[in-house]
Amino acid sequence: MTLSNGNLAELLAGAADDEEAPHRQRALRRASRAALQWPEEAASLAAQGRSLTELQAVGPWIERTVAGWFEDPPDDVDPPPLRRGFLTLAEVRAALAEHPEYRDAVRGDLQMHTTYSDGRAPLRVMAESAAAYGYEFVAVTDHSKGLPIANGMDEARLAQQIVDIDAANGEMEAGGEQLHLLRSLEMNLSPEGEGDMEPEALAWLDLVLGAFHSKLRVTEDQTERYLAAVRNPQVSVLAHPRCRMWNRRLGLQADWPRVFEAAAEAGTALEIDAHLSRQDLNVELLEVAREAGCWISIGTDAHHPDELRWMEYGLAAAALAGIPRDRILNFLSREELLEWARRT
Ligand SMILES: [Zn+2]
């Protein structure tokens with residue numbers, strides 16, 4: 001078999017688990033995660049006689065390890081559930097080369113964070129970086145007060161942020177910039193599907209994302225909390241629905257066809273959180289969402305300007321799952337998107 005970067009990510013992760021020397025274990029772990037974002041298949045680099053050290057997190061020792069696998073490939077590479085169903089950048093680029101219409105259609109990013117909550121760059125830096133992608137809109141989705149660990153905003157700080165968003169929009173418009181920031185929020189949902197903000201504060205917003213951040217390691221079926229969340233009239237988009245994290249957290253279980261049908265009925269969109277380590281929903285569940293006829297929202301969940309580039313992962317997942325382009329919020333014009341949000 002020709003080993004893909006996905007196979008290599010898995011082999012490197014497995015080798016890290018077996019490695020006892022801490023510095024080697026760290027190098028293997030770093031290379032494993034980096035393999036998810038190598039821009040080309042390592043196998044094709046090797047076939048061209050290029051050095052694998054061109055790739056992020058690959059030094060001479062990792063290169064020798066990988067070369068050993070190329071020479072003598074294992075019979076099969078089967079990731080455990082914790083690392084299953086993640087796209088690599090090489091796969092993403094191949095999918096978008098086949099479906100360029102998805103890349104061409106994107107007009108905005110619908111989840112990013114700033115220093116108003118746990119992002120690492122101020123609002124204007126994130127806005128400037130997003131403008132470089134040629135977007136028409138970006139949703140500023142900082143956390144709400146129920147998530148103090150992420151510096152979540154209460155109603156008063158949200159009001160301050162909105163003043164700042166409006167000012168930034170004014171400055172960008174005056175500068176001839178087409179980007180418009182949407183007043184948005186990643187509202188924390190209780191395990192019962194309830195929001196944590198005063199309803200009057202939500203009335204100021206263009207778009208409200210709702211997301212679970214607690215009791216994420218339970219293994220029992222969570223269908224009830226999902227049904228409550230997608231039927232919660234305050235929530236327009238259910239963000240990172242499964243709450244999984246690559247190699248760290250499996251995410252929640254539910255009767256997905258039932259949840260997604262309820263979302264379609266309520267008109268609540270499901271998110272593709274395109275963050276490298278989340279990819280949530282993934283292609284397999286997106287196919288279920290497609291069958292239910294759900295709206296889909298794509299957000300990078302960027303906490304740093306560099307992370308805005310992960311949009312490609314979300315676009316590729318949508319393309320591979322065959323999500324109709326007219327069900328993707330990021331492909332609407334800003335006016336259509338605002339109109340959609342008012343309706344839901
Ligand atoms: Zn979140």
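Which residue forms a salt bridge with Glu-40? The legends below, which describe a predicted model, begin with the whole chain and then turn to this pair and other close-up views.

**Figure 1. Overview of the predicted chain.** The chain contains 14 helices and seven strands. Its C-alpha trace spans about 60 × 50 × 40 Å along the principal axes. A compact globule of 344 residues would have a radius of gyration near 20 Å, and the value of 21 Å for the chain agrees with this. Of the 344 residues, 54% count as buried. The chain exposes about 14700 Å², and carbon and sulfur atoms supply 48% of that area. Among contacts with a separation of 6 or more, 76% are between residues 24 or more positions apart.

**Figure 2. The salt bridge between Glu-40 and Arg-50.** The partner of Glu-40 is Arg-50, and the closest N and O atoms of the two residues are 3.0 Å apart. This pair links distant parts of the chain, with Glu-40 in the loop between α2 (22-35) and α3 (42-47) and Arg-50 in the loop between α3 and α4 (60-71), ten residues apart. Glu-40 has a relative accessibility of 30% and therefore counts as partly exposed. Arg-50, at 28% relative accessibility, also counts as partly exposed. A search of the whole structure finds 16 salt bridges, including the one shown here.

**Figure 3. The salt bridge between Arg-124 and Glu-171.** The side chains of Arg-124 and Glu-171 meet at 3.0 Å, from N to O. Arg-124 belongs to helix α7 (residues 123-131) and Glu-171 to helix α8 (residues 155-174), so that the pair links parts of the chain 47 residues apart. Arg-124 is partly exposed, because its relative accessible area is 32%. Glu-171 counts as partly exposed at 45% relative accessibility.

**Figure 4. The salt bridge between Glu-155 and Lys-145.** Here the side chains of Glu-155 and Lys-145 meet in a salt bridge of 3.0 Å, N to O. Glu-155 lies in helix α8 and Lys-145 in the loop between β2 (137-140) and α8; the pair therefore ties together parts that are ten residues apart in sequence. The two partners fall into separate classes of accessibility: Glu-155 counts as buried at 16%, whereas Lys-145 counts as partly exposed at 33%. Elsewhere, salt bridges that share partners join Glu-10, Asp-17, Arg-29 and Arg-83 into one network.

**Figure 5. The packing of helix α7.** The buried residues of α7 are Leu-123, Met-126, Ala-127, Ser-129, Ala-130 and Ala-131. These buried residues pack against strand β1 (108-112), strand β2, helix α8 and strand β3. In an α-helix, residues three or four places apart point the same way, because there are 3.6 residues a turn.

**Figure 6. The zinc site.** Three residues coordinate the zinc ion, namely Glu-186 through OE, His-213 through NE2 and His-240 through NE2, at 1.9 to 2.2 Å. In sequence, these donor residues follow the spacing E-x26-H-x26-H. Glu-186 lies in strand β3 (residues 180-189), and His-213 lies in the loop between β4 (207-212) and α10 (223-231), so this pair ties together parts that are 27 residues apart in sequence. Is Glu-186 buried or exposed? With a relative accessibility of 1%, Glu-186 counts as buried, because buried means under 20% relative accessible area.

Conventions: Residues are numbered from 1 along each chain as its sequence is written. This is a predicted model: local features need pLDDT of at least 70, side-chain atom pairs count only at pLDDT 80 or more; totals for chains, interfaces and linings use all residues. Side-chain values use heavy atoms; hydrogens and water are left out. Donors are N, O and S atoms within 2.8 Å of the metal (3.2 Å for Na, K and Ca); water is not among the atoms, so sites may look incomplete. Helices (H or I, at least four residues) and strands (E, at least two) are DSSP runs, numbered from the N terminus. Buried means under 20% relative accessible area, exposed over 50%, partly exposed in between (1.4 Å probe, protein chains only). A salt bridge is a side-chain nitrogen of Lys or Arg within 4 Å of a carboxyl oxygen of Asp or Glu. Contact means heavy atoms within 4.5 Å. The radius of gyration is taken over C-alpha atoms; the globule rule is 2.2 Å times the number of residues to the power 0.38. Accessible areas come from the Shrake-Rupley method with a 1.4 Å probe; for residues, only the protein chains shown count as cover.
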